[in-house]
Amino acid sequence: MREITCAEIAQTVAALCVEANTHLPEDVKTAICRSGQTEASPVGKAILRDLEENFQFAAEKGLPICQDTGMAVVFLELGQDVHITGGLLEDAVNEGVARGYVEGKLRLSVVRDPLRRVNTDDNTPAILHLRLVEGDTLRITIAPKGFGSENMTKLKMFHPSATSEDIVAFIADCVSQAGSNPCPPVLVGVGLGGTSELAALLAKRALLSPVGTRSADPFYAALEETALQRINDLGIGPQGLGGSTTALGVRILPYPTHIAGLPCAVNIGCHVTRHAERLL
């Protein structure tokens, strides 16, 4: 049994909150730069160059890539041979988020109650997803989620008779309806199957997949490619000003489901789809 202290967890979470908000993942940076070479629209090409300059400047100066530093979504993979000491795991995560956002001078965007709208002043509580895995390590992933893109989330409970084409059409229509709101070029995460809440979680997890990777299942890999092409054919383009680069990638995560249903959730990530992780 290996021990990990709450103090170490809080310190790591704090650092990851700052890192995720100031350094875009390499795969997203590469995809934006590559799109700048292939984008057909002169305006779109210029916007992609601006986005590249923005994330480079943010990393050099230690400044947020985007003014919306998001609500902290935290994914934990906890080895079953780990013993957390010195407090509660959830408290340690929230302490780290508070420290990272306040000391890192990141925007504080969380309100304590959804209707009364009073700010918590430290960007807590985080959204915490915990999964028990084998081993004696703790993997922490911080994925700040801005709400220009989060507000574009869609869930549809399809009939089990729905076809692959129905699913692709729904994915493309979600992006079409979103338009410029999620600050394209976007990443599109899709959760398919399970129950309504699991489909939504799978869609959010899908945004952590490296840009350009495909499902290991050839059937879903083909659907991802078809959906991406369908989306880019919409012509929305960078920042919604037209062009051939509306999405950088589509990733579908399927899960077994009930014979009477077929949940499908779509979660869109903006061009600043951020995450940072550490293994303790």
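This is a predicted model: local features need pLDDT of at least 70, side-chain atom pairs count only at pLDDT 80 or more; totals for chains, interfaces and linings use all residues.
**Helices α1 and α4**

- The crossing in which α1 passes α4 is right-handed.
- On the α1 side the contact includes Cys6, Ile9, Val13 and Cys17, and on the α4 side the residues that they and their neighbours meet include Leu89, Val93, Val97 and Tyr101.

**Helices α6 and α8**

- Helix α6, residues 164–178, packs against helix α8, residues 218–232, at an angle of about 40°, and here the axes are 9 Å apart.
- α6 and α8 are therefore oblique to each other, and their crossing is right-handed.
- Among the residues making the contact are Val168, Ile171 and Val175 of α6, together with Phe219, Leu223 and Ile231 of α8.
- The residues of the contact of α6 with α8 fall into nine nonpolar, two polar and two charged.

**The loop between α4 and β4**

- Thr120 sits in the loop between α4 and β4, the latter being residues 127–133, and because a relative accessible area under 20% counts as buried, Thr120, with 9%, is buried.
- The side chain of Thr120 comes to 2.8 Å from the backbone oxygen of Thr124, and, when neighbours within four places in sequence are left aside, Thr120 is in contact with Val110, Val111 and Arg112.
- Thr124 is joined to Pro125 by a cis peptide bond, with omega near 5°, and Pro125 also belongs to the loop between α4 and β4.
- Arg117, in the loop between α4 and β4, is not a glycine and yet has a positive phi, near 60°; Arg117 is exposed, with a relative accessible area of 54%.
- Asn123, found in the loop between α4 and β4, likewise has a positive phi, of about 65°, without being a glycine, but Asn123 counts as buried, at 0% relative accessibility.

**The loop between α6 and β7**

- Pro184 and Pro185 are joined by a cis peptide bond with omega about 15°, and Pro185 is placed in the loop between α6 and β7, where β7 covers residues 186–194.

Note on methods. Residues are numbered from 1 along each chain as its sequence is written. Side-chain values use heavy atoms; hydrogens and water are left out. Axes are lines fitted to C-alpha atoms, for helices over the stretch in contact, and angles run from 0 to 180 degrees between N-to-C directions. Helices (H or I, at least four residues) and strands (E, at least two) are DSSP runs, numbered from the N terminus. Angles under 35 degrees count as roughly parallel, over 145 as roughly antiparallel, 65 to 115 as roughly perpendicular and the rest as oblique. A crossing is left-handed if the near helix is turned anticlockwise from the far one by less than a right angle, and right-handed if clockwise. Contact means heavy atoms within 4.5 Å. Ala, Val, Leu, Ile, Met, Phe, Trp, Tyr, Cys and Pro count as nonpolar, Asp, Glu, Lys and Arg as charged, and the others, Gly among them, as polar. Buried means under 20% relative accessible area, exposed over 50%, partly exposed in between (1.4 Å probe, protein chains only). A polar contact is a pair of N or O atoms within 3.5 Å; within protein, one must be able to donate a hydrogen and the other to accept it, and residues adjacent in sequence count only if both atoms are side-chain atoms.
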